[in-house]
Amino acid sequence: MTKLEQYYNKFKEDHRLTTRHGMVEFTVSLNKILQVAGENNLAGCRLADIGAGTGRYSVELARRGFDVTAVELVKHNLDILLAKHEKVKCWPGDARDLHFLGDESFDITLVFGPMYHLHSVEDRLKALKEAKRITRKGGFIFVAYYMNEYSIISYCFKKGMIKQCIENKTLTEDFKAVTTEDDLYSFTRLEDADKLKELAELKRIKIFAPDGPADYMRRELNAMDEQTFNYFIEYQLATCERAELLGASSHIVDVLQKV
């Protein structure tokens, strides 16, 4: 069993997106998917969810009339998705090799999990090129990244690990995390996303922060009354594309088009 499988066998992915900080991420991301679909007359279109986890997005979009195909690497996650008995076509598979899905089969492709765990530019580019291959010309690809600065602030500083990380040379001189295949997560800066977009020859439509400061504010979000929390979601929806706020979010989503 791989380290990734061991992690997700214990981690309650279904629960994460129902916590308040997870609800912010889910609500904003879903809003942007529906927005792009609506603006391009793609309501009810063919959608691939690559790295679907336990199917939070797959199930919701299928219920909204999309023709959804989900691909998930971790058997435990896929079993949970299958047990929901929703109208989602499910495949076991790796984002870097989607040979079982045809060329230009989808109008929208989500890549919301794989880039968190792929470390090399080569592997990330394989995943992005596979997403491009299965997406029709003119279609859209949503790619999520786990952000470098969030990892530095939340782990190195908040957990008091900064000295150890510097001594172990797991940070560059400008505080970029250095990860290897032995690490569970891989971290990204905006320039890394820019580079992958260019290498894959995709056009950026927009880029947004689905959660913004929510992950830093878990305790505060949990203490909010319902009206205040709804205001916070409205705030994030209103500001999620502001360039000055992107890099400090725990995640970003790059919305790309195959031209």
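Me: By class, how many nonpolar, polar and charged residues does the lining of the second largest pocket have?

Reply: The lining has 14 nonpolar, seven polar and five charged residues, where Ala, Val, Leu, Ile, Met, Phe, Trp, Tyr, Cys and Pro count as nonpolar, Asp, Glu, Lys and Arg as charged, and the others, Gly among them, as polar. This is a predicted model, in which local features need pLDDT of at least 70 and side-chain atom pairs count only at pLDDT 80 or more, while totals for chains, interfaces and linings use all residues. Residues are numbered from 1 along each chain as its sequence is written, and side-chain values use heavy atoms, with hydrogens and water left out.

Me: What makes a residue part of the lining of a pocket, and which residues are the closest to the centre of this one?

Reply: On a 1 Å grid over the protein atoms alone, a pocket is an open set of points where a 1.4 Å probe fits, with protein on both sides within 12 Å along at least five of seven lines, and a lining residue has an atom within 4 Å of a point. Of the 26 residues that line the second largest pocket, the closest to its centre are Ser 151, Ser 154, Tyr 155, Cys 156 and Phe 187. Helix H7 gives the most to this lining, with six residues.

Me: Is Cys 45 buried or exposed, and what of Cys 165, buried or exposed?

Reply: Buried means under 20% relative accessible area, exposed over 50%, and partly exposed in between, with a 1.4 Å probe and protein chains only. Cys 45 has 7% relative accessibility and therefore counts as buried, and Cys 165, at 9%, counts as buried too.

Me: How do you know whether the radius of gyration of the protein chain agrees with that of a compact globule?

Reply: The radius is taken over C-alpha atoms, and the globule rule is 2.2 Å times the number of residues to the power 0.38. With 259 residues, a compact globule would have a radius near 18 Å, and the protein chain has 18 Å, so the value agrees. Buried residues make up 51% of these 259 residues.

Key. Helices (H or I, at least four residues) and strands (E, at least two) are DSSP runs, numbered from the N terminus.
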